[in-house]
Amino acid sequence: LILISMLTNSYLCHYNAPKFLAELKDSSAKRFSQLTSYSFFGAFLMNAVFMMAGFLAFGGCSQGLILNNYSTADTLATISR
């Protein structure tokens, strides 16, 4: 559910889509649709890799926000939060 929410939000907030369509070589609705599909699949793939890495690192006790699994004494995790 979080992944779908992130992908939807990234699409809705992307106000440059008409500009990208205009700058696309051989621009057409079909080509733009293909490019958009590839981009969403790439975003999904990256998120899936990070989700699997977090689950493999912390197991079934993983929290929704993976950074909350790190100790509060971990400086880098605290900065990332």
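This is a predicted model: local features need pLDDT of at least 70, side-chain atom pairs count only at pLDDT 80 or more; totals for chains, interfaces and linings use all residues.
Let's start with helix H3, which runs over residues 29-58 and so has 30 residues. From its first C-alpha to its last, H3 reaches 43 Å, close to the 44 Å expected at 1.5 Å a residue.

Now for the aromatic rings. Counting rings whose centres lie within 6.5 Å, you will find two aromatic pairs. One of them is Phe 41 with Phe 44: their ring centres are 6.4 Å apart and their planes meet at 35°, so this pair is tilted. Both residues belong to helix H3, where they sit three residues apart, about one turn of the helix. That spacing has a simple background: an α-helix has 3.6 residues a turn, so residues three or four places apart point the same way. Phe 44 is partly exposed, with a relative accessible area of 37%.

The other pair brings together Phe 58 and Tyr 70, whose ring centres are 5.1 Å apart. Their planes stand at 90°, and because an angle over 60 degrees counts as edge-to-face, that is the label this pair gets. Phe 58 lies in helix H3, while Tyr 70 is in the loop between H3 and helix H4 (75-80), so the pair ties together parts that are 12 residues apart in sequence. How accessible are the two partners? Phe 58 counts as partly exposed, at 25% relative accessibility, and Tyr 70 is also partly exposed, at 37%.

Technical notes
Residues are numbered from 1 along each chain as its sequence is written. Side-chain values use heavy atoms; hydrogens and water are left out. Helices (H or I, at least four residues) and strands (E, at least two) are DSSP runs, numbered from the N terminus. The expected span of a helix is 1.5 Å times one less than its number of residues. Rings of Phe, Tyr and Trp (its six-membered ring) pair if their centres lie within 6.5 Å; planes under 30 degrees apart count as stacked, over 60 as edge-to-face and the rest as tilted. Buried means under 20% relative accessible area, exposed over 50%, partly exposed in between (1.4 Å probe, protein chains only).
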